[in-house]
There are 2 protein chains.
Amino acid sequence: MAPGTASTALLTDHYELTMLQASLASGAAHRRCVFELFARRLTGDRRYGVVAGIGRVLDAIRDFRFRPEEIAFLRETQVVDEPTLEYLEGYRFTGSIWGYPEGEVYFPGSPILIVEGTFAEACILETLLLSILNHDSAVATAASRMINAAEERPCIEMGSRRTHEDAAVASARAAYIAGFASTSNLEAGRRYGVPTRGTSAHSFTLLHDTERDAFVAQVDSLGKGTTLLVDTYDVREAVRTAVEVAGPELGGVRLDSGDLVAQAREVREQLDELGATTTRITVTSDLDEFAIAALAAAPVDGYGVGTSLVTGSGVPTAGMVYKLVSREGDDGAQVSVAKKALNKASVGGRKYAMRRLDERGVAEAEVIGIGEQPDNDGNDRNLLVELVRGGEVVSTATLDDARARHEASVAELPARARRLSRGEPAIPTVYEDDEK
Amino acid sequence: MAPGTASTALLTDHYELTMLQASLASGAAHRRCVFELFARRLTGDRRYGVVAGIGRVLDAIRDFRFRPEEIAFLRETQVVDEPTLEYLEGYRFTGSIWGYPEGEVYFPGSPILIVEGTFAEACILETLLLSILNHDSAVATAASRMINAAEERPCIEMGSRRTHEDAAVASARAAYIAGFASTSNLEAGRRYGVPTRGTSAHSFTLLHDTERDAFVAQVDSLGKGTTLLVDTYDVREAVRTAVEVAGPELGGVRLDSGDLVAQAREVREQLDELGATTTRITVTSDLDEFAIAALAAAPVDGYGVGTSLVTGSGVPTAGMVYKLVSREGDDGAQVSVAKKALNKASVGGRKYAMRRLDERGVAEAEVIGIGEQPDNDGNDRNLLVELVRGGEVVSTATLDDARARHEASVAELPARARRLSRGEPAIPTVYEDDEK
């Protein structure tokens, strides 16, 4: 949600409100419920998923208010009846939310969010929570694979132009959590403090009468540390001109087309011959984690990643769902519930989650307790943190915390987790029932 | 951009502003330029693309202002120097924009937007224009294929939960342009007037003690015309209960899992036996254009489409680019310019576009004039409309206009355009040079 927008309440499916209406009428709306947000499987047959968007979820819940303008729209379009509008006017989430900290990795069935409250208050958050977590986690998961492929080389997020303008801001944030060094997106800089970077485009070179004029203009204005784009016309000539203009202190050159492996080698050789041994080579041009891996042996100093980052590298949504797993029965006690339909079965009951670690601290399993906390085998790590208590946000995690959490969680995974090929989750998900 | 957000100016790549700085310093910033927004190819080997987002672009340009808070951020983070900040403070696009009307179909090379102004004012719009058009057009293109596959049956957009919360609103808008009947997204209803629809989810059934209780609650509150979800437990039993509760006037049932073709037949037969001959069957569950086509012979009355719609059905971005094609030279005359790099070559010069139609009104070619309007063969249709003149929006097209334009443009295409398989564009793109 963009800043300045005072309500997130209508970023919601119509049926959340008609269900609310029917349940208010039947009285069931006030039953205490537990909803769980999780992924049935890792989309794209990835080895692990990355949780991103938790901070945005907490902001969005705070802004989930039905102001007079939202109520007026719902009344005018007759989406729901007057008793429902009355409920919505006073709406404020008063329940509790536990979840995975942002940056944490997840596996099939991991209880990424556990939302406890009345049916009414928890149900109508469904669409918004899923929108944020499905989008941001898909981007962060792709980003994490790219970071693995890039090893120590920095990755810059530059995909804003290939995704919705506000999704671009969230993508930059998610990529940063997964280890990207910076973004091209200025709003991500303002809104979230992600470092922003950028130099120039082909249009800048074409604007000037000669490539040399363009390079002189850029170096004069932005300094010798700038990165010059050298593939508008002839790369070899451009590199020569670039070093003539900026001297061997030239910060970097960018390659945005052609055979990047061969070209990086030629350019590195040429730069070294010209004495520009510290000038960095940044490559861009439709990179994804596979292209980055293929460039591992090339003399490249950084990667700019656009389209494939913001589109989740073939998997633009994380496939998470939000399911009722427990509700109050007639007698006031909680009843586990689950849908039985083929291929979409859920596991009922409130969940707990731990990551089982072996004696060397390597992850072995995602252990999910149903109805109670699983036993700790000694090294196990609790995964759920308290995010909202009685409607108040209690999490104080920052974006840097999320970045650190992500790095630590990936480091803990077995080596097979870093494979780029399709396959099984890096660790199995194990359910521990409270009836054991 | 969400309403209430007063500026879109930072939804922009860092380098747009550093290029601005360097060109202001060199003086080249004030050269009159022509930028063109187009797609080099149809992503996903589709037969045609659909232009969506033009209305959002016009709103976004209006809101592209650097207010004191944007300037403060840029100053604090030292993105650009003081002369550049001074330019940005007074920024207002004063140029002209021609483009394809929203809903129009496009082909490789179609000049979807032509932006004329100084380098400074046209360059810095790049990121935002591409974000909007790449996203919205990808969704509309997928949506149009689904509408073709669905033939006369209505499609409901319900993918909000599987994409960024604000991209969801834009997706609903794009789907509506391409012929979707309605959306689940309430904000799309408020912001753009798209009709919204919705009934209930599995959680609503699970909330109640029995499925019958849930159906009674829904029918009592929402009326017999409502659509009941019948696959939470056993479909056959649910359908029987549904008709018992609502009577044969039951509006509809929804199937969200399993073998939809077989299940739709069984449910139709059962409904007919129960006398509910007018009760509609809506199917959902991971539909895309191929699944919809496969359901053509099944007794289905409507399709709810989610994930694949909002993710462009495998093609989440349209791959459009924004290129400088002409700029003022030293002598004040316009000079055509184009990048020469391998695989990314552009065609320089200001473009004009017409759709060549045969005597029966069937499209034969996308004819693009370079530097001048191509000759009209008699039936040809001009494609470019004036959108912005001297910085003022002159287009008055509504969403319904876009919907009508889309329907008419698709109707004009040869039958091969409606093929779902990968292949060549339905019509070729032909360039007519002014030197002919």
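How much space lies in the largest cavity? The points below take up this question along with others, and they concern a predicted model.

1. **The chain as a whole.** In this predicted model, chain A is built from 15 helices and 19 strands, and its C-alpha trace spans about 85 × 60 × 35 Å along the principal axes. Of the 436 residues of chain A, 63% count as buried, a class that requires a relative accessible area under 20%. Among the contacts in chain A with a separation of 6 or more, 74% are accounted for by residues 24 or more positions apart.

2. **A region named in a record.** For residues 10–134 of chain A, UniProt, in an unreviewed entry, gives the feature "domain: Nicotinate phosphoribosyltransferase N-terminal"; this label comes from the record, whereas the values that follow are computed from the model.

3. **How the two copies are related.** In general, two copies of a chain are related by a rotation about an axis and a shift along it.

4. **The largest cavity.** To return to the opening question, about 140 Å³ of space lies in the largest cavity, and the count of cavities of 30 Å³ or more comes to four. The lining of the largest cavity is made by 15 residues, and those that lie nearest its centre are A:T163, A:P316, B:T163, B:V310 and B:P316, a list that holds residues of chain A and of chain B. By class, this lining of the largest cavity divides into six nonpolar, seven polar and two charged residues.

5. **The second largest cavity.** About 70 Å³ of space lies in the second largest cavity, and the residues that line the second largest cavity include A:L42, A:T43, A:R46, A:Y48, A:Y106 and A:V315. Which element gives the largest share of the lining of the second largest cavity? That share, three residues, comes from helix α6 (residues 126–150) of chain A. The lining of the second largest cavity has six nonpolar, four polar and one charged residues.

6. **The second largest pocket.** About 450 Å³ of space lies in the second largest pocket, which is lined by 19 residues, with A:I147, A:E151, A:A178, A:G179 and A:E407 nearest its centre. The elements that give two or more residues to this lining are α6 and α15 (399–412) of chain A, and the largest share, six residues, comes from α15(A). Sorted by class, the lining of the second largest pocket has nine nonpolar, four polar and six charged residues.

7. A:S313 lies in the loop between α14 (307–310) and β12 (320–328) of chain A, while B:S313 is found in the loop between α14 (307–310) and β12 (320–328) of chain B. Is A:S313 buried or exposed? A:S313 counts as buried because its relative accessibility is 16%, and B:S313, with a relative accessible area of 14%, is buried too.

8. **An isoleucine inside a strand.** B:I281 has its place in strand β10 (residues 280–283) of chain B, and because its relative accessibility is 0%, B:I281 counts as buried. Leaving aside residues up to four places away in sequence, the residues that B:I281 touches include B:V253, B:L255, B:A264, B:V267, B:L271 and B:P299. A further pair to find in the structure is B:I281 and B:L228, which are 53 residues apart in sequence and 9.7 Å apart in space, C-alpha to C-alpha.

Definitions and conventions. Residues are numbered from 1 along each chain as its sequence is written. Chains are lettered from A and ligands numbered from 1 in the order in which they are written. This is a predicted model: local features need pLDDT of at least 70, side-chain atom pairs count only at pLDDT 80 or more; totals for chains, interfaces and linings use all residues. Side-chain values use heavy atoms; hydrogens and water are left out. Helices (H or I, at least four residues) and strands (E, at least two) are DSSP runs, numbered from the N terminus. Buried means under 20% relative accessible area, exposed over 50%, partly exposed in between (1.4 Å probe, protein chains only). Contact means heavy atoms within 4.5 Å. UniProt positions are given in the numbering used here, feature names are shortened, and annotations may be inferred rather than shown by experiment. On a 1 Å grid over the protein atoms alone, a cavity is a set of points where a 1.4 Å probe fits but cannot get out, and a pocket is an open set with protein on both sides within 12 Å along at least five of seven lines; lining residues have an atom within 4 Å of a point. Grid points are joined across faces, edges and corners, and a volume is the space filled by probe spheres set on the points. Ala, Val, Leu, Ile, Met, Phe, Trp, Tyr, Cys and Pro count as nonpolar, Asp, Glu, Lys and Arg as charged, and the others, Gly among them, as polar.
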